[in-house]
Amino acid sequence: MKVVITGGGGFLGNQLARQLIKRGELTAPSGQVEAIDEILLFDTHLSDVAKAGLEEHSQTRWVTGDIADRDQVFSLIDRDDTSVFHLASMVSGECEVRFDDALSINLDGQRHLLEACRARSSTPRLVFTSSIAAFGGEIMPETVSDGTKRTPQTTYGVTKVIGELLINDYSRKGFIDGRSARLPTIIIRPGKPNTAASSFASGVLREPLAGQTCELPVDRSQLMPVLGYRDVIESFIALHEAAPDTLGDDRAYGLPSIQHSVAEMIESLEEVASSRDITLGEIVDKPDAVIQRIVATWPTATDGERAIKIGVPKPSTLMQIIDTYIDDFM
Ligand SMILES: NC(=O)c1ccc[n+]([C@@H]2O[C@H](COP(=O)([O-])OP(=O)(O)OC[C@H]3O[C@@H](n4cnc5c(N)ncnc54)[C@H](O)[C@@H]3O)[C@@H](O)[C@H]2O)c1
């Protein structure tokens, strides 16, 4: 079978490709577990870091392009025995400043992908990455669950809610077999910060670990629902593998998370660093009103019980996440 990962050059798409190579198989549209003979990474840009170590696996291919280009998207979905992990997206900060691009990439791009899957004579499984930015506003409770009304307060969040609803409807119609994973903030992103408003949640751990100064744009009391990157990759695979008859009519699953204040994240960091004899860089408070305003619209905890019931793993602890990052990336 073939696996297409859109956003395959990004943080999570790239880690997912590596995990799928190790795993070697998935449930194909036939309903049977099949060996993966092709993994196609699609992105606007695939850096040398994103390609490193993947070249030696003969099943890996990459294509650069724009998800908003319908013909190109159709050319990616060229086999009936295909599964798709749709991660390509403009992120929250960018969507606030580039409204038209946000609609074109996040909405039109997803529609092209859904239509390309619908055009096959099979029913491809498709995992879509949504976000807790799907929630927000005055009526939002502190802890959100799959039963919470989705009232996003950012353009990014609006595109994710529409994406979830489209996945539900294309699945109800039998055009695809879709599942959406609604992600909390994922830590720790390696490399450079991105333009997501939540980028500081990784930065406050990553930069000091690298001995660099971190400028913190939010108050240390800010609560964040976070999840480790290894857990989220396993969650994508678990959602993909869940049998269709175990899924409800709402195929959007909020992933579980752990809730911590930024101050608690810094405490755990200091504890791990001291146990590993790492000298940390400094953390400097530098409030940023734009980031604070976006982050304040997001929920501070998530209830992921519904996802856990269909096989999504329970979250690792903060200390485990920091330890794993040091092992994997430092
Ligand atoms: N990382 C998180 O904390 C988090 C939280 C909630 C939701 N998500 C969602 O998970 C997914 C993956 O997140 P990530 O952290 O890996 O983000 P990322 O920014 O590292 O990866 C997204 C990738 O999409 C690519 N992309 C953007 N526009 C494109 C286009 N027009 N055509 C093709 N590719 C394009 C980017 O180049 C990037 O490599 C995204 O959909 C994101 O919205 C992530």
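Predicted model: local features only at pLDDT ≥ 70, side-chain atom pairs only at ≥ 80, totals over all residues.
Figure 1. Residues are numbered from 1 along each chain as its sequence is written. Leaving aside neighbours within four places in sequence, Ile5 is in contact with Gly13, Leu16, Ala17, Ile39, Leu41, Phe42, Phe85 and Leu87, a contact being a pair of residues whose C-beta atoms, placed from the backbone, lie within 7 Å. Ile5, Val204 and Val232 touch the most other members of the largest nonpolar core, which has 90 residues. Such a core is a set of buried Ala, Val, Leu, Ile, Met, Phe, Trp, Tyr and Cys residues joined through C-beta atoms within 7 Å; buried here means that 20 or more other C-beta atoms lie within 10 Å of a residue's own, exposed that 12 or fewer do, and partly exposed in between, with C-beta atoms placed from the backbone.

**Figure 2. The shell around the ligand.** Among the 26 residues around the ligand, Gly7, Gly10, Leu12, Ser89 and Leu183 come nearest, where a residue is near a molecule if its C-beta atom, placed from the backbone, lies within 6 Å of it. At least two residues of the shell come from each of α1 (11-23), α5 (99-118), β7 (125-131) and β10 (185-187), and α1 gives the most, with 3 residues. Helices (H or I, at least four residues) and strands (E, at least two) are DSSP runs numbered from the N terminus. By residue class, the shell comprises 11 nonpolar, 13 polar and 2 charged residues, with Ala, Val, Leu, Ile, Met, Phe, Trp, Tyr, Cys and Pro counted as nonpolar, Asp, Glu, Lys and Arg as charged, and the others, Gly among them, as polar.

Figure 3. In α9 (residues 262-275), Val262, Met265, Leu269 and Val272 are buried. These four residues lie on the same side of α9 because they cover an arc of only 85° around the axis, the arc being that of the directions from the helix axis to the C-beta atoms. On the other side of α9, Ala263, Ser274 and Ser275 are exposed. The cover over the buried residues of α9 includes α7 (200-209), β11 (214-216), β12 (223-228), β14 (258-261) and α12 (318-329). Asp277, in the loop between α9 and β15 (283-285), has a positive phi near 60° although the residue is not glycine, and Asp277 is exposed, with 6 other C-beta atoms within 10 Å.

**Figure 4. Helix α10 against α4.** Ile291, Ile294 and Val295 are the buried residues of α10 (residues 289-296). Seen down the axis of α10, these residues fall within an arc of 95°, so they line one face of the helix. The buried residues of α10 pack against α4 (92-97).

Figure 5. Gly137 is placed in the loop between β7 and β8 (143-144) and counts as exposed because 12 C-beta neighbours lie inside 10 Å. Not counting residues up to four places away in sequence, Gly137 touches Thr151, Gln153 and Thr297. In the loop between β10 and α7 lies Ile188, which is joined to Ile187 by a cis peptide bond with omega of about 0°.

Technical notes. Contact = placed C-beta atoms within 7 Å.
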